[in-house]
Amino acid sequence: MLKIYVDMEKCQHYGQCVFEAPDIFRLNSDDKLEYTATADDSERGNIEAAIDVCPMQAIFLVD
Amino acid sequence: MQHPVVIVGASMGGLRAAEALRRFGYLGPITAIGDEPYAPYNRPPLSKEVLATEVSHEAVAFLQRTATQDVNWVLGSRVVSADLEHQTVTDANGEVYPYGVLIVATGLRPRRLEVANGMLAGRHAVRTLDDAIGLRAELVPGAKVVIMGSGFIGCEVAATARKLGCDVKVVGPGTYPIVRPLGVKLASELQRRHESQGVEFFMKRKVVDLLGSSRVEGAVLDDGTVLECEVLVEAIGSHENTEWLQGNDIDVTAGVLTDDALRAVRASNGAPWNNVFAIGDVARFVNPIFDEIPRRVEHWNIPTDSAKRVGKVVATMLGDGVGGAAAAPAELNEVLNEGFAPIPSFWSDQYDMHILAYGLLGLADEIKLIDGELSGDCVFGYYRAGKMVGVCGIGLRSVVQKYRSVFTVEGGKA
């Protein structure tokens, strides 16, 4: 099981992560980022891609 | 012993290339050589939030993954020449680095104002962490700041400097700030919003001279206007760092020309070097989403997208690099044929405005408001011959996001 943490102080809700890991990240109706804090190991590649494309580098995988 | 993969440039592109090499199975030696003293860090915050708060390496450093812990980082070392026939690069101290594969990730450096009395203190570029540290120290309340250049970086620094209580004037060559690529409507609105925050604009003007003896005291514009100036920010574009590649059979006019595997092509016959790649700001490549014209693209996603493409190609070519077999030619061909069609994306923060864009806005011959209102949150569509080539919004991120899927290659490849 993977644990995901987004630093919401840093996050500017650009939503780039949404395209890389759509099952984990989404923008809500107020254009704010929401995410699922745990994921199956099979999501690791997508989450790492989301970490890479985050302009604010606000996403972390907690092993 | 097998020569390492040598990455010249230890910024985001260099880091992402090393990560991609490992992810796609290359376990052999990697050396990354960078001229800055810092491990790779994220540059965009340097003109935005980090400039407004604390500027430190810790605040912007990229997280280093365990897979790349054994990369040999050679920092504070400038590569000055390359010999592609003999597969070596040489740094300023005369150190020679043989390579099996070379990845060019040397990016850009800021263009600077060239004036007779150019040695004055108080002049700043905005590219490196050290640039930002130096600029931050001088952005004190009441400081008279003149920003040369009205592009994204100029406007971001203007907004940040206003927030810090500086007196801010922007001198730009165009009709409106960021008019290329945003277009007149959005750019004039952007200027209005900056003016409402107290920024003064001097458009269709340029700085032609500086006043002062040891420190800059004034900026002289081409119409004779003299602006009082204690801090001069030079955000007037950039040069490609390709001089070190000169003398080789390679095309370095306006960046390193590559094929769609990001392999550098020979100037003599257009054939690619099989072991020389270019990534990030410095690579000039065709993006089949738009047309057949090779371009450099200075968007933040390009280093990452191009590094992943190169990492996969090189890892397929070399195999694990520690004795295992390399891929069969058919498999390598398959990877080479995957093509490269990254969706350009960029964003900008100015005051409470969050600007988000996809595509190549500058290609448009027609620009239309497609959602919202110009005075508030709004989205513009950018079209060439009726086909969307870009989308840009202030706010309304969900709307902008929906258009991202428009940017695909006709026929489906890549």
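Ser150(B) itself sits in the loop between β10 (144–148) and α5 (152–163) of chain B; helices (H or I, at least four residues) and strands (E, at least two) are DSSP runs, numbered from the N terminus. Buried or exposed, then? Ser150(B) counts as buried because its relative accessibility is 6%; buried is under 20% relative accessible area, exposed over 50%, partly exposed in between, with a 1.4 Å probe and protein chains only.

Quick bookkeeping: this is a predicted model, so local features need pLDDT of at least 70 and side-chain atom pairs pLDDT 80 or more, while totals for chains, interfaces and linings use all residues. Residues are numbered from 1 along each chain as its sequence is written, chains are lettered from A and ligands numbered from 1 in the order in which they are written, and side-chain values use heavy atoms, leaving out hydrogens and water.

Now the sheet that β10 belongs to. Five strands of chain B make an open, parallel sheet in the order β9-β16-β10-β11-β12, with pairing meaning that DSSP finds at least two bridges between two strands. At the edges are β9 (123–124) and β12 (200–203), each with a single partner strand, so one side of each has no neighbour in the sheet. Between β10(B) and β11 (residues 167–172) there are five bridges, running parallel.

Next stop, Val104(B), which is in strand β7 (residues 101–104). With 0% relative accessibility, Val104(B) counts as buried. Beyond four places in sequence, its contacts include Val8(B), Trp244(B), Leu245(B), Phe277(B) and Ile279(B). The C-alpha atoms of Val104(B) and Tyr382(B) are 32 Å apart, with 278 residues separating them along the chain.

Zooming out: chain B has ten helices and 27 strands, and 55% of its 414 residues are buried. Of the contacts between residues at least 6 apart in sequence, 64% join residues at least 24 apart. The C-alpha trace spans about 65 × 50 × 40 Å along its principal axes.

Methods
Contact means heavy atoms within 4.5 Å.
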